[in-house]
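Here are my notes on this structure, point by point. Please read them with the model open.

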Amino acid sequence: MDKEGAGMAEETECMIDKNVGIDAENVESSGDGKEMRAVMLAGFGGLNKLRVTKKVMPELQDGEVKIRVKACGLNFLDLMVRQGIIDNPPKPPLVPGFECSGIVESVGKNTTGFETGDRVMAFVNYNAWAEVVSTPAELVYKMPDEMTFAEAAAFCLNFVAAYLMLFEVANLREGMSVLVHSAGGAVGQAVAQLCSTVPNVTVFGIASCFKQAAIRDSVTHLFDRNIDYMQEVKKISPEGVDVVLDCLCGENTGKGLTLLKPLGTYILYGASNTVTGETKSFFSFAKSWWQVEKVNPIKLYEENKVMAGFSLLNLLFKHGKCSLVRSVMDKLLCLYEEKKIKPVVDSLWALEEVKEAMQRIHDRGNIGKLILDIEKSPTPLMASDSTETSEAGEEEEEEEEPEGDNDSKERMPFIH
């Protein structure tokens with residue numbers, strides 16, 4: 001675990017499209033291709049590195065599907081990409097985003113299963129936060145008729161990750177118990193819903209106190225993240241729990257391992273504790289690393305405990321497990337059509353509101369998924385943030401606002 005930071009950073013290392021790094025001299029839009037709006041990350045750092053700009057539409061390749069995007073998912077990983085908390089990062093400028101939904105605009109040669117006009121959702125190897133994307137057909141899935149584009153953009157990454165962790169890694173079965181951190185987040189809510197499809201599964205949720213009223217009915221027991229939740233869990237289940245899902249890392253790693261029953265499984269799938277301020281902080285990274293309990297394999301052997309890591313994006317883009325993910329999507333869509341699961345959408349934001357959306361997820365203020373709605377107009381207070389720039393992001397940078405600024409709370413878009 002001493003290289004945990006680098007391991008978590010590998011999340012995005014291999015997901016670099018060959019066109020992600022654009023030379024500065026080539027960033028100006030050419031007159032030869034059609035243009036689209038896209039969110040451009042000019043360089044790693046704070047919110048002022050993000051701009052909405054004009055960009056040439058991607059060219060459709062063999063085996064790909066071109067999608068007219070309607071909605072994009074915003075994840076905590078996108079915040080980490082913006083700050084540059086990754087190993088060997090793609091060279092900016094780049095378009096962030098790993099999932100979207102929309103309408104098929106065209107299909108490439110040797111592409112089967114899709115037609116122009118199909119409503120779809122998809123994984124994208126970066127470049128999702130744009131009006132048009134092209135992505136391999138094996139990463140595209142048809143939407144149920146009753147599913148909205150916002151729900152579809154909130155479905156792929158979170159529900160697939162939750163399903164694989166619960167049923168493939170932890171082998172969740174009737175009568176087991178699960179502890180999930182950030183229970184109010186999009187993955188946390190997906191975990192809670194999927195656990196409800198298995199009889200007699202007990203879910204212990206950890207969340208901020210202000211989220212608890214909204215999510216109390218989704219879990220069996222709910223605890224404030226700022227209290228000693230280990231003692232509270234032990235009062236209810238003295239033996240501990242069967243599964244721990246940890247997206248925080250740091251000191252929670254040792255706590256999670258301690259709470260495991262014999263034959264229990266601890267799964268690390270994020271490291272959000274490394275993100276504290278608006279920009280990358282070596283102190284926060286070092287503190288989180290230092291707090292991680294150094295795992296002794298002999299101790300795991302003696303206590304009959306399992307420690308695992310999970311990265312859905314690496315599973316797709318590095319390990320090539322697209323067929324596995326498709327089989328999981330088929331099962332999830334059946335559960336959706338049976339009305340057993342449903343994505344929780346926190347709020348909808350215009351592309352020009354991406355800074356405020358990122359601030360909301362940075363503040364851990366969301367309950368469920370934040371969505372970038374391509375067709376949504378920005379609120380008047382956002383007008384100054386909607387300036388279009390070149391892809392190089394050469395516009396003079398704004399002065400960064402002090403941390404803790406509350407303007408975003410006054411600029412709240414439509415909330416579900």
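1. Start with helix α5. The model is predicted, and in it the buried residues of α5 are Ala186, Val187, Gly188, Gln189, Ala190, Val191, Ala192, Gln193, Leu194 and Cys195. The helix spans residues 186-195 and is mostly covered, with 10 of its 10 residues buried.

2. Next, confidence. Mean pLDDT for the chain is 83. A value of 70 or more is reached by 77% of the residues. Residues 1-31 have pLDDT below 50. That stretch still has 71 contacts in the model beyond near neighbours in sequence. Residues 382-416 also stay under 50 in pLDDT. For them the model has 72 contacts beyond four places in sequence. Please treat both stretches separately in any discussion of contacts.

3. Now the pair α4 and α12. Helix α4 covers residues 156-169, and helix α12 covers residues 322-337. Their axes lie 10 Å apart, at an angle of about 100°. Angles of 65 to 115 degrees count as roughly perpendicular, so α4 is roughly perpendicular to α12. On the α4 side, the contact uses Cys156, Phe159, Val160, Tyr163 and Leu164. On the α12 side, Leu324, Val325, Val328, Met329, Lys331 and Leu332 take part. By class, the contact of α4 with α12 has 10 nonpolar residues, no polar ones and one charged.

4. The spacing of contact residues on a helix has a simple background. An α-helix has 3.6 residues a turn, so residues three or four places apart point the same way.

5. The pair α7 and α8 has another geometry to check. Helix α7 is residues 229-236, and helix α8 is residues 251-259. The axes come within 11 Å and cross at roughly 10°. Angles under 35 degrees count as roughly parallel, so α7 is roughly parallel to α8. The crossing is right-handed. Tyr229, Met230, Val233 and Lys234 of α7 meet Asn252, Lys255, Thr258 and Leu259 of α8. By class, this contact has four nonpolar, two polar and two charged residues.

6. Is Lys66 buried or exposed? Lys66 counts as buried because its relative accessibility is 14%, and the cut-off for buried is under 20%. Lys66 sits in strand β3, residues 64-74. Leaving aside neighbours within four places in sequence, Lys66 is in contact with Pro58, Leu60, Ile103, Val104, Glu105, Ser106, Val132, Val133 and Ser134. The C-alpha atoms of Lys66 and Thr135 are separated by 6.7 Å, although these residues are 69 apart along the chain.

7. Backbone check, peptide bonds. The bond from Pro92 to Pro93 is cis, with omega near 5°. Pro93 lies in the loop between α2 (76-83) and β4 (99-107).

8. Backbone check, phi. Which value does phi take at Asn200? Phi is positive there, about 60°, although Asn200 is not a glycine. Asn200 is in the loop between α5 and β9 (202-207). Asn200 is exposed, with a relative accessible area of 57%.

9. Leu263 lies in strand β12, residues 260-268. Its relative accessible area is 69%, so Leu263 is exposed.

Conventions:
Residues numbered from 1 in each chain as written. Predicted model: local features only at pLDDT ≥ 70, side-chain atom pairs only at ≥ 80, totals over all residues. Heavy atoms only, no water. Axes fitted to C-alpha atoms, helices over the stretch in contact; angles between N-to-C directions. Helix = DSSP H or I, 4+ residues; strand = E, 2+ residues; numbered from the N terminus. Parallel < 35°, antiparallel > 145°, perpendicular 65-115°, else oblique. Left-handed = near helix turned anticlockwise from the far one by under 90°. Contact = heavy atoms within 4.5 Å. Nonpolar A, V, L, I, M, F, W, Y, C, P; charged D, E, K, R; others polar. Buried < 20%, exposed > 50% of the residue type's maximum accessible area, 1.4 Å probe, protein only. pLDDT = per-residue confidence, 0-100.
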